[in-house]
Amino acid sequence: MWEQIIFFGAKLRRRRRWPCPPSTSPPTCHRSPASASVPPPTPSIPFSCAGGSALADRPRERAIRAGTMTMGEQSGAPGSLRLLDAAFDAGVNFFDSAEMYPVPQRRETRGRSEELLGRWLRARRAPRDQVVVATKVAGPSGQMTWIRGGPTSLDSQNIAEAIDGSLHRLGVDYIDLYQIHWPDRYVPMFGKTEYDPSCQYTSVSMEEQLEALGRAIDAGKIRYIGLSNETPYGMMKFLQLSKDFQLRSKLLTVQNSYNLLCRNFDSGLAECCHHERISLLAYSPMAMGILSGKYHSSYDCGPPEARMNLFKGRYSEGESRYKLQSPKVKLAVKEYTQIAEKYGISPATLAIAFVLRHPLVSSAVFGATKLRQLYEVLQAARIHLPEEILAEINDVHTRFPNPCP
């Protein structure tokens, strides 16, 4: 009747989605024992793959994954290194980056997040097989001309060059999980949900991409493959074709947005992941910080150092999806904040705990810029949301479904 979860690599025990016992007072969130009583961290990765490293077959476990998207821009080098240290000291052994990071992306900072992660890895001197490094290759982009000229496509040459570049910046011999950041083909994403056939263009075949990734695996440069910002069609097609290249066992994850304001994953991709044993790495569990309530807690739209304020007008992908002035977003966030207050937890804790309780989510990717934000993530991993809270959350979702798709 119990379920094990991974809390920054440290095993905790909690009851699986049981309601609180009858009481005359409102139900409260179950909290696991304090960290002092937790066994020493045991590095592990929450998706299925071959043994022999920090990667282990634990398909039902949960983990927190340290994202580096803001490191090198919103977070400077000293602050970024402190955050990585604090996360690792808490048991985090799974770090996610991308060749285009940090965001907002610009020529002067391209690759800096990988460089900072690599600098930290060398300084920390953690055993390589106890740290999991994930990064991504950028898809076609007419704006980021400083990345291989666009990049114009995700062909084999671009993939090979991207892998070598990431290995150099990270200062590692191999990458544990290498992900296609977004598809080479046209798909509606970053706030768009309706497919328009007239937008389709000639794209690089998935076969060519898989062949390039397979060569990198054979060369020992990468170990496993992941997708990102994918659709049910895209994921299933990649899985089908991966069998022809003997790569089915290497394709493990899809990293898509999932949070209280964006539950599109449940509409189609969830079924695919369930039957094909593909784990969701849920990015943006806080909806770019909106679910903390900080942007709607006062009339000045939140603190000036908040990401959506600090980079206003410079981060088109984020602003197109996370519309701060949308009435539906404001109302939904207000109600989720009230639920959190009712049960005595922070809005951020509610948001992340909601993502972690999903049976197909193996990891939530967080992007803290301050130590206090990291500690809130730690708290969320100790929280179990009872059925009463989930019912209230689902009621809000029914009235304000996916305002940030």
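Ser 113 sits in helix 2, which spans residues 112-124; helices (H or I, at least four residues) and strands (E, at least two) are DSSP runs, numbered from the N terminus. The model is a predicted one, in which local features need pLDDT of at least 70 and side-chain atom pairs count only at pLDDT 80 or more, while totals for chains, interfaces and linings use all residues. Residues are numbered from 1 along each chain as its sequence is written, and side-chain values use heavy atoms, with hydrogens and water left out.

With a relative accessible area of 0%, Ser 113 is buried; the word means under 20% relative accessible area, whereas exposed means over 50% and partly exposed lies in between (1.4 Å probe, protein chains only). Setting aside residues up to four places away in sequence, Ser 113 touches Thr 68, Met 69, Met 71, Ser 97, Tyr 101 and Pro 102, where contact means heavy atoms within 4.5 Å.

The chain as a whole can be described next. It holds twelve helices and twelve strands, and buried residues make up 56% of its 405 residues. Among contacts between residues at least 6 apart in sequence, 77% join residues at least 24 apart.

The buried residues of helix 3 are Asn 158, Ile 159, Ala 162, Ile 163, Gly 165, Ser 166, Leu 167, Arg 169 and Leu 170. An α-helix has 3.6 residues a turn, so residues three or four places apart point the same way. The cover over the buried residues of helix 3 includes helix 2, strand 6 (132-137), strand 7, helix 4 and strand 8. Gly 171 follows helix 3 and has a positive phi, near 70°.

The axes of helix 3 and helix 4 come within 9 Å and cross at roughly 35°; axes are lines fitted to C-alpha atoms, for helices over the stretch in contact, and angles run from 0 to 180 degrees between N-to-C directions. On the side of helix 3, the contact is made by Ser 156, Ile 159 and Ile 163, and on the side of helix 4 by Glu 208, Gln 209, Ala 212, Leu 213, Arg 215 and Ala 216.

Helix 5 (residues 232-242) has its own buried residues, namely Gly 234, Met 235, Phe 238, Leu 239, Leu 241 and Ser 242. Covering them are elements including strand 7 (175-180), helix 4 (206-218), strand 8 (222-228), strand 9 (251-257) and helix 6 (269-276). Lys 250 lies in the loop between helix 5 and strand 9 and is partly exposed, with a relative accessible area of 24%. Although Lys 250 and Ile 225 are 25 residues apart in sequence, their C-alpha atoms are 5.8 Å apart in space. Beyond its neighbours within four places in sequence, Lys 250 is in contact with Ile 217, Arg 223, Tyr 224 and Ile 225.

Finally, the cysteines. A disulfide is a pair of cysteine sulfur atoms within 2.5 Å, and by this rule the count comes to zero. Cys 273 is buried at 1% relative accessibility, and its sulfur is too far for a bond because the closest cysteine sulfur, in Cys 272, is 6.8 Å away. Cys 404 is buried at 0% relative accessibility; its sulfur is 7.8 Å from the closest cysteine sulfur, in Cys 262, and therefore too far for a bond.
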